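Reader: I would like to go through a few local features and learn how to read each one. Please take them in turn.

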Amino acid sequence: MIVLIELKYKPLEVLEITSRYGIRVFGGLEFHPGVDYKVPLGTNIHAVDDGKVVVAKNDADGYGLYIVIEHSNYCTLYAHLKSLLLEVGQVVKAGDVIGQVGMTGMITGPHLHFEIRDCLYDAYFWLKSILKGRHVMCIDPEDLVREAKDIPAKIEYKKYKNGMTELKGDVKDLRIKVVDKIIWNITEYTNCTNGTFYWHNLSGKTYATSILYQDGIVYQNVADHFNRFGCPQSVFIVYNDNTVDLKKIYLLSELDLSKIRLVVGGVGLRNTQDKNFVYNPEGEGFKKDINKITGKTEDQSGVLAKRNKTVLGYNKRLNKCYLLTVPNISHTELIKSISQGEEYYDIAISLDGGGSTFMDALGKYVFKGQALRRIHNIIGFGL
């Protein structure tokens with residue numbers, strides 16, 4: 001059976017190959033069991049997946065200072081390091097800095113030598129085949145590295161005295177993930193909050209009731225309040241060039257999706273980029289009115305009450321996105337809070353709140369509403 005290997009992240013932010021995997025001329029013909037990436041001395045190297053360090057030593061005539069990390073079904077090797085930052089047995093998470101590019105071992109210039117071996121670490125790990133002239137268990141890492149996600153920028157986390165929590169990250173790393181799980185069981189992701197408004201179908205599964213789109217996949221093309229009351233919805237838009245915008249639309253088809261990576265619907269709170277923007281939740285369907293489908297009076301104004309809130313925000317000067325959770329607050333108080341300070345939000349929408357509000361930061365829950373509530377999607381950095 002072929003065991004598939006998939007890297008979570010690239011080992012470097014910039015990938016410039018100087019020597020590929022396979023037979024090469026280096027004082028004669030030799031087999032090169034990995035890929036060499038040219039990078040400046042001291043550049044951070046990142047773990048490509050969760051794992052445990054199984055080797056951390058010096059091979060002065062070859063790899064120099066190097067480490068081997070064992071993952072779920074394979075190992076990775078990082079050679080010519082500047083120093084050994086990790087010890088054998090140390091656990092690492094995908095994206096962690098595991099060393100810096102150095103000039104140790106047999107080397108002509110600063111670079112990272114990176115290998116993937118399709119086995120776990122055991123007595124036969126270093127086995128070579130004389131007949132084949134190669135490391136038996138090494139595979140070409142080039143395509144796997146190229147297909148892996150870019151390394152997320154550093155995520156900043158703040159917790160305030162009033163119970164408010166905030167994550168800050170790069171626009172390029174902002175993503176949504178459909179989970180359809182109770183909050184307590186969302187353990188495979190971190191640096192995230194609950195996402196858009198949602199509801200349950202007859203089978204109990206959840207679905208988005210806000211406009212939701214990512215990377216060519218339409219999760220919801222129309223907001224529920226359009227069907228109920230004929231209202232538009234504010235949508236937070238991330239373009240392919242990682243610029244951000246806020247628009248009020250009725251249907252996803254109003255946007256040119258060929259230029260867009262992410263669309264998330266919510267209640268529009270603030271938009272300094274549009275002088276005509278007005279906070280108007282009633283105009284977006286959060287009101288008491290006649291349901292067009294049932295013909296009965298329906299009250300959808302509860303979201304405006306003083307309750308837990310989740311906010312997706314953007315600061316144009318820093319080009320950063322923010323995820324904010326605030327306990328027991330009204331929208332009026334919330335808008336005042338996000339409009340102040342050096343890192344005020346130029347653009348902001350309110351996502352699903354109340355009992356759905358939660359945050360997971362740096363690998364642990366730091367604030368949550370009802371832990372057993374089942375939600376449809378989460379939004380975060382590096383998902």
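This is a predicted model: local features need pLDDT of at least 70, side-chain atom pairs count only at pLDDT 80 or more; totals for chains, interfaces and linings use all residues.

Reader: Let us begin with β29. With which strands does β29 pair, and in what sense?

Author: β29 has two such pairings to look at here. With β28, β29 pairs in the antiparallel sense over eight bridges. With strand β16, residues 165-170, the sense is also antiparallel, over six bridges.

Reader: Is β29 largely enclosed or open to solvent?

Author: A residue counts as buried when its relative accessible area is under 20%. Seven of the ten residues of β29 are buried, so the rest of the structure largely encloses this strand. As a general point, side chains in a regular strand alternate between the two faces of the sheet.

Reader: Where does H80 lie, and is H80 buried or exposed?

Author: H80 sits in the loop between β8 (75-79) and β9 (91-92). Its phi is positive too, about 65°, although H80 is not a glycine. H80 counts as buried because its relative accessibility is 5%.

Reader: Now a charged side chain. Which side chains make polar contacts with that of D180?

Author: Start with the setting: D180 belongs to strand β17, residues 174-182. With a relative accessibility of 11%, D180 is below the cut-off and so counts as buried. Its side chain makes a polar contact of 2.6 Å with that of T206 and one of 3.0 Å with that of K205. Leaving aside residues up to four places away in sequence, D180 touches K205, T206, R374, I375 and H376.

Reader: Last, the largest pocket. How many residues line it, and which lie nearest its centre?

Author: Read the volume and the lining together. The largest pocket holds about 1000 Å³ of space. Its lining has 34 residues, with K8, Y9, A94, T190 and G382 nearest the centre. By class, the lining divides into 16 nonpolar, eleven charged and seven polar residues.

Notes. Residues are numbered from 1 along each chain as its sequence is written. Side-chain values use heavy atoms; hydrogens and water are left out. Helices (H or I, at least four residues) and strands (E, at least two) are DSSP runs, numbered from the N terminus. Buried means under 20% relative accessible area, exposed over 50%, partly exposed in between (1.4 Å probe, protein chains only). A polar contact is a pair of N or O atoms within 3.5 Å; within protein, one must be able to donate a hydrogen and the other to accept it, and residues adjacent in sequence count only if both atoms are side-chain atoms. Contact means heavy atoms within 4.5 Å. On a 1 Å grid over the protein atoms alone, a cavity is a set of points where a 1.4 Å probe fits but cannot get out, and a pocket is an open set with protein on both sides within 12 Å along at least five of seven lines; lining residues have an atom within 4 Å of a point. Grid points are joined across faces, edges and corners, and a volume is the space filled by probe spheres set on the points. Ala, Val, Leu, Ile, Met, Phe, Trp, Tyr, Cys and Pro count as nonpolar, Asp, Glu, Lys and Arg as charged, and the others, Gly among them, as polar. Two strands pair if DSSP finds at least two bridges between them.
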